[in-house]
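Student: Before we use any of the labels on this chain, I would like to see what each one rests on.
Tutor: Then ask for the value and the criterion each time.

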Amino acid sequence: MTSLPSDAAAPSVRIAAIQTVSGPDVAENLRVAGQLVAEAAAAGARLIALPEYFPLITADETAKVRIRERDGEGPLQDFLRQTARRHQVCLVGGTIPLAACAADKVRNSTLVYDARGERIARYDKVHLFGFQKGEECYDESQTIEAGREVVRFESPAGPTGLSICYDLRFPELFRAMGAVNLIVLPAAFTYTTGRAHWEVLLRARAIENQCYVLAAAQGGRHPSGRVTWGHSMVIDPWGEVLACQAQGPGVVVADLDPARIAAVRESLPALRHRCLSA
């Protein structure tokens with residue numbers, strides 16, 4: 001029987017999720033995000049995640065196309081790079097709109113910067129949200145071009161997998177990451193779907209992958225009238241919610257303990273008991 005790698009002797013690492021209620025003013029959204037990252041860093045967090053769409057949420061879904069950036073340059077990427085370096089943290093940059101193949105679309109991309117401000121990972125959202133219930137309707141495929149690659153990287157927390165919002169509903173994506181210590185999920189879940197499914201799905205991903213989950217969400221009523229569910233949280237490998245912010249801007253902080261991961265995997269070796277790996 002193959003044993004999973006374990007770094008149980010490694011020290012605990014403080015991680016943090018930022019929750020925002022972004023609006024149409026990009027500069028103001030960046031100001032708020034920067035302030036909250038500073039708060040998380042002051043609390044000792046070494047890995048900090050921003051939410052999906054943190055630079056911009058507006059009723060005009062084409063607005064993100066107008067502010068999209070080429071990979072490697074632009075004010076949004078400069079903000080992330082400089083913020084990570086200023087606070088000397090690993091910053092998981094929520095999502096920003098990057099150039100796509102189609103002129104009228106973007107890639108909804110998570111960029112990760114290390115404490116030196118160097119980019120160490122990029123993940124483009126694979127699963128695009130579509131939902132209709134009465135007058136509430138969303139279709140991300142109209143303005144977003146889907147990614148194709150599963151991404152994991154080495155962070156201060158150890159092996160870390162990246163995902164975004166609607167990806168949460170597709171467990172095969174998380175299985176494809178392999179054994180990770182942490183899954184990070186920036187999101188902007190709607191109030192309707194979040195109230196029904198957000199926590200149960202996050203806890204399921206933590207339980208079945210026996211790892212921590214860090215979910216950074218939009219949470220509140222936005223200037224556009226959109227309402228997001230919020231409830232940014234940190235969940236441990238047993239599915240316990242360690243910290244949560246229900247609504248409004250804020251910071252959620254908890255410690256990731258490698259010994260906790262090792263203990264859960266040792267007492268219930270479900271990852272080693274998998275029979276269907278394809």
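The dialogue below takes a few helices, strands and residues in turn.

Tutor: This is a predicted model, in which local features need pLDDT of at least 70 and side-chain atom pairs count only at pLDDT 80 or more, while totals for chains, interfaces and linings use all residues. Residues are numbered from 1 along each chain as its sequence is written, and side-chain values use heavy atoms, with hydrogens and water left out.

Student: What makes A40 buried or exposed?
Tutor: Buried means under 20% relative accessible area, exposed over 50%, and partly exposed in between, with a 1.4 Å probe and protein chains only. A40 has a relative accessible area of 0%, so A40 is buried.

Student: Which residues is A40 in contact with, leaving aside its neighbours within four places in sequence?
Tutor: Contact means heavy atoms within 4.5 Å. On that criterion, A40 touches A16, I18, A45, I48 and V251, its neighbours within four places in sequence being left aside. For A40 and I18, the separation is 22 residues in sequence and 8.0 Å in space, C-alpha to C-alpha.

Student: Where does A40 lie?
Tutor: A40 is in helix 1. Helices (H or I, at least four residues) and strands (E, at least two) are DSSP runs, numbered from the N terminus.

Student: How do you know that the span of helix 1 agrees with its number of residues?
Tutor: The expected span is 1.5 Å times one less than the number of residues. For the 17 residues of helix 1 that gives 24 Å, and the end C-alpha atoms are 24 Å apart, so the two agree.

Student: What covers the buried residues of helix 1?
Tutor: The buried residues of helix 1 include N29, L30, V32 and A33. Their cover includes strand 1 (13–19), strand 2 (47–49), helix 3, strand 3 and strand 17 (250–256).

Student: What caps the N-terminal end of helix 1?
Tutor: A side-chain oxygen of D25 lies 3.1 Å from the backbone nitrogen of A27, and D25 is the cap. After helix 1 comes G44, with a positive phi near 100°.

Student: Which residues of helix 3 are buried?
Tutor: L76, Q77, F79, L80, T83 and A84 are the buried residues of helix 3. They cover an arc of only 155° around the axis, and therefore lie on the same side of helix 3. The arc is taken from the directions from the helix axis to the C-beta atoms. P75 and R86, on the other side of helix 3, are exposed.

Student: What do the buried residues of helix 3 pack against?
Tutor: They pack against helix 1 (26–42), strand 3 (90–92), strand 4 (96–99), strand 5 (106–113) and strand 6 (119–124). Helix 3 is followed by Q88, with a positive phi near 50°.

Student: Why is strand 1 called largely enclosed?
Tutor: Six of its seven residues are buried, so strand 1 is largely enclosed by the rest of the structure.

Student: How many bridges join strand 1 to strand 17?
Tutor: Two strands pair if DSSP finds at least two bridges between them. Strand 1 and strand 17 are joined by seven bridges and run antiparallel, with A16 opposite V253. Three bridges link strand 1 to strand 2, and these run parallel; I15 has L47 as its bridge partner in strand 2.

Student: What makes strand 9 and strand 16 edge strands?
Tutor: Six strands form an open sheet in the order 9-10-11-12-15-16, with mixed pairing. Strand 9 (152–155) and strand 16 (241–245) each pair on one side only, and are the edge strands. Strand 9 is joined to strand 10 (residues 158–162) by four bridges, antiparallel, and a hairpin connects them through two residues. Strand 16 is joined by four bridges, antiparallel, to strand 15 (residues 232–235).

Student: Why does H127 count as buried?
Tutor: Its relative accessibility is 17%, and H127 therefore counts as buried.

Student: What makes a polar contact with the side chain of H127?
Tutor: The side chain of D167 does, at 2.7 Å. A polar contact is a pair of N or O atoms within 3.5 Å; within protein, one must be able to donate a hydrogen and the other to accept it, and residues adjacent in sequence count only if both atoms are side-chain atoms.
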